[in-house]
Amino acid sequence: MEVFTSEKIRITQKYGLGFKAIGEIPFEEMQHLMMGDLGQTIYINDIPYEVLTPSYMVRENLKTEDGKYHFIYIQINIETCEYYIGKVNRERWSSIKKYQGSGLKFVNKYNKHKEQFVRYYILSCMNGKESEEAEARIVTEDLLQDPFCLNLVCGGGGTTHHSTEERNQKIREYMIAHPERYQKMIERSKELFQSGKMTHSLQLRSERIKQTMSDDKYREMMSKRIKNWMENNPEAYAKARENNKLAMQSEESKSKRNASLKKWRTENAEQYQIYKDKLIEAQHSPEAEKKRSDSLKEYHRKHPEAAKKRSAASRAKCSKPVNMLDLQTGEVLMTFKSQQAAAEWLVSVGKAKNTNCKTSISDVCIKRYTPGHGVKKTAYGYKWEFAQ
């Protein structure tokens, strides 16, 4: 009697059907049922394979050449008629029971609908090579054309995969050789990747990449991708850069960055101080000073009008009234209309040689940090602050 049928797969069952009570079952059939044998036969492309019973399988390693278990099995989804055929080569019986299959498409389906799949062992082999050959005979190009088949590649792909990289290489080669079977999947993945949405799958992919690749290798790979993009799609790249710039200038993005930076500074105070010292030191290095000077000269040459406005604004800033304070009491001793006026007074009383001393007054007022010296607090025997 047939208990399952589809275009490529049929299952017939000889024992255990059509009886209403145990007493009505013939003794010979009862013996088969007690051993777990229902007399099932699976037809794959009309070729019959007797389903192996657990009692038969558990002792099968005693007959093999290497003392291991070597079986061909089929996983069938009784609801959708989808199926997956594979081989299993294991040393222990417990491993045989746990192993369900490794096909990418099958694993995805199985993890979502475990209760719908039924596994049948249909062939026992003497060694790994024989199981490989048997799988190659069953899982053919013709079988892969069946829309219900969950196998992605023909059988006989090796008894074991020595490393994940070798296995992935085999899959890549097969995908390149048969692009039509993966076109929809590739297009959908590309669409998700380019959408910019951080889906769960993309997040897992990113984590896997970071776990398996060093930072230098990851940066090198991303650099090559960006350079490729720049060369092949200059307009799209320029548009993406502009969109990214606008997004970074939004208030939401700024507040998010500030909150993240504030949290990092709080949690890594010592590391932040080291970073800050290095940054200030780099900003005041001779190379940085020269670079700024050259850049400023170039700006003045190209934008003379804007440069005049900036100079006027700078002079206005230096024209702020400043207070001269007593070192001990902090009492305001004198108020000057500008830093220049304060500098001239210091020269007149002999405390400074020239009006360049206004730079020191400015440093105290704005609490400028100098590498190796810290924040300057006094100048020429006084404290200073902006009057406003």
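Is Trp345 buried, partly exposed or exposed? With a relative accessible area of 21%, Trp345 is partly exposed; buried means under 20%, exposed over 50% and partly exposed in between, using a 1.4 Å probe and protein chains only.

Before going on, note that this is a predicted model, where local features need pLDDT of at least 70, side-chain atom pairs count only at pLDDT 80 or more, and totals for chains, interfaces and linings use all residues. Residues are numbered from 1 along each chain as its sequence is written, and side-chain values use heavy atoms, leaving out hydrogens and water.

Let's look at the whole chain. It holds 17 helices and 12 strands; these are DSSP runs numbered from the N terminus, with helices (H or I) of at least four residues and strands (E) of at least two. Of the 388 residues, 27% are buried.

Now for the aromatic rings. Rings of Phe, Tyr and Trp (its six-membered ring) pair if their centres lie within 6.5 Å; planes under 30 degrees apart are stacked, over 60 edge-to-face, and the rest tilted. The count comes to 17 aromatic pairs. Tyr69 and Trp93 have ring centres 5.7 Å apart and planes at 55°, so this pair is tilted. Tyr69 sits in strand β5 and Trp93 in helix α3, 24 residues apart. Tyr69 is buried, at 5%, while Trp93 is partly exposed, at 22%.

Back to Trp345: its ring centre is 6.4 Å from that of Tyr382, with planes at 65°, so the pair is edge-to-face. Trp345 lies in helix α16 and Tyr382 in the loop between β11 and β12, so the pair ties together parts 37 residues apart in sequence. Tyr382 is buried, at 14%.
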